[in-house]
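Dear colleague,

Please find the structure below, handed over for your records.

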Amino acid sequence: MTRIKDIATAYLPAEGLQALIDTLRQHHDRVLGPRVREQAIRYETISSVADLPRGVKDEHEGGRYRLHQGEEATFFGFVVGPDSLKSIVYPPRLTLWSMKRSGHEGTIEDQDEPVGSTAILGVRPCELAALAVQDKVFLGHGFEDPHYRQRRERLFLVAVECLQPGAHCFCDSMGTGPGVNGGASWDLALTELVGDGRHGFLVRAGSDAGREMMAKLPLEQAGDGLEKARETALAAAAKSMGRTLDTDGLKKTLYDHVDHPHWEKVADRCLACANCTMVCPTCFCSNTMEETALDGSSAARTRVWDSCFNLDFTYIHGGHVRRSVKSRYRQWMTHKLASWQDQFGVIGCVGCGRCITWCPVGIDITREAAVLQGKPTKTSGRTTS
Amino acid sequence: MIAAKERTKAAAGAADPMRPELYRVQRSRRESSDTFTLELTPPRGYKPTPFQPGQFNMLYMPGVGECAISISGDPADDGVLLHTTRVVGTVTRALNGCKAGSRVGIRGPYGAPWPVAEAEGNDVVFVAGGIGLAPLRPAIFHVLAHRRQYGRIVLLYGARTPEDILFKPMLRKWSSRLDMDVYVTVDRAEAGWRGNVGVVTNLIKRAPFDRLNTTAFICGPEIMMHYTVLEILGRGVNEKGIYVSLERNMKCATGFCGHCQMGPFFVCKDGPVFRYDKVKRWMEIREL
Ligand SMILES: Cc1cc2nc3c(=O)[nH]c(=O)nc-3n(C[C@H](O)[C@H](O)[C@H](O)COP(=O)(O)OP(=O)(O)OC[C@H]3O[C@@H](n4cnc5c(N)ncnc54)[C@H](O)[C@@H]3O)c2cc1C
Ligand code: SF4
Ligand code: SF4
Ligand code: FES
């Protein structure tokens with residue numbers, strides 16, 4: 001996955017999208033893309049443009065997520081759903097190894113199966129940023145997680161830039177969107193442009209594999225006009241973010257405000273349900289469970305996602321370190337915005353806004369941070385669609 | 001690259017750091033009513049990574065689970081692995097049930113050690129509370145084995161009752177050395193106890209060490225370490241000469257599970273041994 005300069009920019013008319021999906025399917029074991037399932041847009045297997053949520057708009061607000069079928073012809077007129085790439089590279093539940101026993105003797109066997117190559121269509125810029133953050137966690141700091149590595153290495157990423165950010169989005173503040181730049185290396189980037197009677201995608205390659213893929217697509221010359229249209233659309237998107245977060249001095253603000261009365265106020269509302277940590281594309285905490293056969297002849301170690309909102313997370317003999325919900329919310333937000341910087345050299349939040357949308361009581365990381373920063377806050381952002 | 005359909009070998013192209021080796025229990029030795037020491041040997045053909053004083057392993061009991069236990073043996077002796085454990089719950093109870101021949105999964109060693117090399121030339125003060133003597137023992141072995149590199153060597157050890165005192169034969173041996181000062185105290189005395197009674201911090205005031213050239217290694221319950229540090233600072237020792245070993249819930253020991261976090265630190269890999277001035281700020285925050 002070498003990163004090369006964007007050598008190629010070309011235009012793919014909307015009718016050519018099926019050719020892209022077909023080519024992805026020819027070269028990869030599975031192709032995932034956005035699909036409506038259980039009233040949410042999720043990463044699912046796709047085989048045709050008909051699978052894509054064409055014209056669908058997603059409405060995001062604190063504690064609220066709704067899909068609406070619109071009239072627009074766009075294939076990617078929505079933003080992120082509850083899924084992120086996290087569950088693809090770091091499965092929510094994974095048996096690591098198992099052990100067979102006979103008497104005192106035992107043999108240990110790895111249980112993680114080899115995975116095939118996975119192409120993903122419709123990866124948002126904040127998702128790429130989150131993947132780069134996860135890379136630092138699982139591959140970049142001392143130990144390496146082989147389960148993450150094998151999944152990560154076999155991704156082919158087709159990014160889609162965001163031209164219509166949601167009310168919960170603040171990637172512009174975090175420097176992770178709405179355009180594709182930086183983040184994890186990607187293979188292709190699409191910008192969906194509608195105008196002048198034309199509907200199609202500006203296509204760029206971000207890797208050798210992406211360039212090879214482009215050679216197989218029914219592309220047209222892009223021309224300066226389209227490049228300009230992209231820039232204008234991205235600039236407009238950056239201005240229409242539903243939320244903002246001021247990252248200036250953020251670490252110090254959080255570290256200096258461990259005793260701020262606002263933590264108590266958030267704790268009064270927080271249910272400690274852990275939704276925010278589950279939907280967050282960078283939260284990486286896990287537990288490892290023991291699973292045993294009834295006759296005791298075998299045992300297995302299974303890694304499952306865990307959350308710092310769970311009381312038992314910090315149990316040590318004699319009691320829990322973080323007993324109060326206040327201390328657990330403080331840990332979560334301080335980790336995301338402050339201590340992550342000390343640990344991995346980057347902020348742990350990419351501004352995707354999922355934790356805002358999927359918090360049942362609408363606790364809002366941007367708003368809570370603004371209170372600590374002593375800034376005036378507005379209660380809610382704009383709604384899309 | 002694009003014809004990526006061929007399959008790679010299993011995940012374990014690289015070894016899984018979560019996968020243990022099955023060690024054999026040679027012997028389980030009782031230290032006190034609730035504490036025991038396991039002597040373990042590695043499986044044939046497996047060459048363990050040498051450990052440094054203060055490091056720990058993850059111990060796995062098949063069918064039960066895993067927990068973090070410090071290595072309590074002599075770092076110069078790579079034949080057997082020693083773990084001294086106090087029974088407090090599920091896994092430690094299962095470990096206590098091990099007999100010669102039992103298998104225990106071991107992965108490690110993990111964590112930042114006691115900086116014994118940096119302490120060379122200084123007086124070294126060890127302050128242990130309860131089971132905290134076990135993680136300190138390898139460092140004591142080390143300084144005694146390199147005796148001429150250090151100034152005075154002092155061990156201050158507090159146990160709940162005389163019955164709870166660990167490593168009694170070894171303490172007797174150390175006490176009889178002319179080049180080491182050993183002071184033991186108990187919270188509650190019993191008939192026949194002629195030693196000190198009271199908390200271990202009481203011993204610090206009269207312990208013989210040169211405040212300007214002292215390194216202190218402290219291990220015990222967090223509250224005990226807190227007061228011990230205050231006493232040692234009170235004697236005029238610099239914060240930078242004081243080290244503590246912290247305990248947090250640990251599920252992985254490799255920096256992945258997130259459980260052991262304390263402010264900016266992962267206790268499993270940045271610690272468990274920390275120089276006091278680096279963790280002071282975080283130790284002072286409640287429920288961090
Ligand atoms: C770096 C380190 C070194 C340690 N060295 C020793 C040692 O040398 N000797 C010794 O006796 N004990 C030591 N401990 C404490 C030991 O890990 C716990 O007593 C043990 O985890 C308890 O597990 P359990 O299943 O018996 O208890 P339970 O109460 O049944 O445990 C439930 C879970 O809570 C967690 N837990 C409970 N107590 C602790 C604790 N004190 N620290 C961390 N996690 C805990 C574990 O994740 C455990 O799986 C050490 C802890 C750490 C972090
Ligand atoms: S903290 Fe919230 S906004 Fe930030 S990356 Fe996680 S889910 Fe997205
Ligand atoms: S902040 Fe919201 S989503 Fe997160 S644990 Fe609290 S109630 Fe649940
Ligand atoms: S024990 Fe898992 S991160 Fe430290």
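A salt bridge is here a side-chain nitrogen of Lys or Arg within 4 Å of a carboxyl oxygen of Asp or Glu. In this predicted model, the side chains of B:Arg160 and B:Asp34 form such a pair, with 3.0 Å from N to O. This distance lies within the 4 Å limit, so the pair is counted as a salt bridge.

The setting is as follows. Chain B is divided into domain 1, residues 15-110, and domain 2, residues 123-245. To their contact, domain 1 of chain B gives 19 residues and domain 2 of chain B gives 14 residues. The centres of the two domains, taken over C-alpha atoms, are 25 Å apart.

Between them, domain 1 and domain 2 of chain B bury about 1200 Å², and carbon and sulfur atoms account for 57% of that area. The polar side of the contact can also be counted: one salt bridge joins the two domains, and three residue pairs are in polar contact, both residues of each being at pLDDT 80 or more.

On the side of domain 1 of chain B that touches domain 2, the elements giving two or more residues are strand 1 (21-32), strand 2 (35-41) and strand 5 (81-86) of chain B. Strand 5 of chain B provides the largest share, with four residues. Sorted by class, this side of domain 1 of chain B holds 10 polar, five nonpolar and four charged residues.

With kind regards

Terms used: Residues numbered from 1 in each chain as written. Chains lettered and ligands numbered in written order. Predicted model: local features only at pLDDT ≥ 70, side-chain atom pairs only at ≥ 80, totals over all residues. Heavy atoms only, no water. Domains from an automatic or database assignment. Contact = heavy atoms within 4.5 Å. Buried area = accessible area lost by both parts, 1.4 Å probe. Polar contact = N/O pair within 3.5 Å; in protein donor to acceptor, adjacent residues only side chain to side chain. Nonpolar A, V, L, I, M, F, W, Y, C, P; charged D, E, K, R; others polar.
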